[in-house]
Amino acid sequence: MAVDRIGVDEQEVKGVELSKAEKKRIKRQQKKLKKFGLKDEATMGKVELFFYKMAKKRRIKKKKRVSRSLAGDISLFLLLALFGCFSAYPLVYSICAAFKPLSELFIFPPKLFFQHPTLDNFRDLSTLLESSWVPFSRYFFNTIWITLAGTIGHVVFASMAAYPLAKYKFPGSKVIFSLVVYSLMFAGQVTATPRYIIFSGLGLVDTQLAIIVPAFAYSLGLYLMKQFMSDIPMELIESAKIDGASEFQIYWNIVMPMVKPAWLTLIILLFQQLWNNDGGTYIYTESLKPLSYSLHQIVAGGVARQGTSAAVMLIMMIVPITVFILSQSQIIETMAHSGMK
């Protein structure tokens with residue numbers, strides 16, 4: 001719906017009486033703005049206009065709804081419920097398997113829910129961890145250190161690299177970003193051998209830095225941060241510069257809060273990846289290995305440890321799933337914004 005716009009300079013029209021047609025036109029405009037919850041954008045500053053447009057887009061998305069019949073809504077609900085059951089089945093089975101005795105784990109046909117729940121699998125796991133010559137706390141500390149260092153380092157490096165690529169034009173900026181996008185096509189198995197040769201030459205093999213340092217160069221994180229920062233208007237940065245803010249202050253106090261969904265998504269993705277990394281390719285000293293390596297060694301014990309294996313699987317899933325549930329809205333918003341699937 002078109003809305004009439006009137007640009008009025010109060011200083012020029014001060015003391016000038018408006019005609020009846022002009023008064024009616026102003027009243028008609030004010031009624032339309034009030035009816036649709038809008039404001040006169042002509043009287044807003046650049047910063048106020050930017051935030052107003054963002055709020056208006058969110059309001060439009062909430063009101064937007066696909067026109068369907070009741071039968072269509074019911075059919076869509078049943079279809080989503082069916083796919084939801086298929087998606088939840090492996091998770092429910094893993095949780096129930098951790099509390100099943102061995103007799104129920106090998107029953108055929110297999111049953112989803114346990115009949116006689118037990119904690120024997122977790123007791124056996126505790127006994128195996130206590131008998132290890134490296135304490136369980138050491139494995140746990142290694143995992144926490146690798147996960148936190150790699151995640152925080154990547155968010156800092158990716159955001160600082162994405163800021164100049166998104167907001168400034170310099171020679172080679174497009175080439176650099178193209179290389180980042182092309183690197184997303186290569187799987188980890190393709191770069192494993194060159195990476196090992198480089199780390200061997202740098203003396204990083206058999207150190208935890210062999211896992212932490214590659215996390216800093218996670219290409220997807222740089223891509224996401226750059227896409228989000230590109231939408232920040234240059235007027236905000238220029239206004240901050242006029243107020244005397246340095247580049248780092250602009251980056252830290254203005255840009256980073258505005259791209260919060262992007263770096264929260266990076267934290268979740270890197271956390272899950274590093275939490276499940278066993279470091280088997282680069283770390284050989286037992287006291288430096290993470291928790292996942294110790295648990296995978298227990299799982300490799302054969303058929304007799306299937307119950308313990310189910311307990312290990314549940315323990316390794318709890319933390320990543322919890323982090324994802326707490327921040328899933330940020331992931332969905334980020335993927336929808338960047339076009340990633």
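Is S94 buried or exposed, and what is its relative accessible area?

A: S94 is buried, at 10% relative accessible area. Buried here means under 20%, exposed means over 50%, and partly exposed covers the range in between, with a 1.4 Å probe and protein chains only. Some ground rules come next. This is a predicted model, so local features need pLDDT of at least 70 and side-chain atom pairs count only at pLDDT 80 or more, while totals for chains, interfaces and linings use all residues. Residues are numbered from 1 along each chain as its sequence is written, and side-chain values use heavy atoms, with hydrogens and water left out.

S94 sits in helix α4. Helices are DSSP runs of H or I with at least four residues, strands are runs of E with at least two, and both are numbered from the N terminus. Setting aside residues up to four places away in sequence, S94 touches M313 and M317. Contact means heavy atoms within 4.5 Å.

Now follow the chain onwards. C96 is buried, because its relative accessibility is 6%. A98 lies in the loop between α4 (70–97) and α5 (102–105). With 0% relative accessibility, A98 also counts as buried. Beyond its neighbours within four places in sequence, A98 contacts T118, N121, F122, A310, A311 and L314. The A98 and L314 C-alpha atoms are 6.7 Å apart, across 216 residues of chain.

C85 counts as exposed at 53%. The disulfide count is zero, where a pair of cysteine sulfur atoms must lie within 2.5 Å to qualify.

Next, the whole chain. It has 16 helices and zero strands. Buried residues make up 30% of its 341 residues. Of the contacts with a separation of 6 or more, 72% join residues 24 or more positions apart.

α7 (residues 136–167) meets α11 (residues 219–229) at about 45 degrees, with the axes 8 Å apart. α7 is therefore oblique to α11. Axes are lines fitted to C-alpha atoms, for helices over the stretch in contact, and angles run from 0 to 180 degrees between N-to-C directions. Angles under 35 degrees are roughly parallel, over 145 roughly antiparallel, 65 to 115 roughly perpendicular, and the rest oblique. The α7 and α11 crossing is right-handed. Right-handed means that the near helix is turned clockwise from the far one by less than a right angle; anticlockwise is left-handed. On the α7 side, the contact includes H154, A158 and Y163, and on the α11 side it includes L222, M225 and K226. By class, this contact has nine nonpolar, three polar and two charged residues. Ala, Val, Leu, Ile, Met, Phe, Trp, Tyr, Cys and Pro count as nonpolar, Asp, Glu, Lys and Arg as charged, and the others, Gly among them, as polar.

α7 also packs on α10 (residues 209–216), where the axes come within 7 Å and cross at roughly 25 degrees. These two helices are therefore roughly parallel. Their crossing is right-handed. W145, I146, A149, G150, G153, H154 and F157 of α7 meet I211, I212, A215 and F216 of α10. That contact has eight nonpolar, three polar and no charged residues.

Last stop: D206, in the loop between α9 (188–202) and α10. D206 is not a glycine, yet its phi is positive, about 65 degrees. At 26% relative accessibility, D206 is partly exposed.
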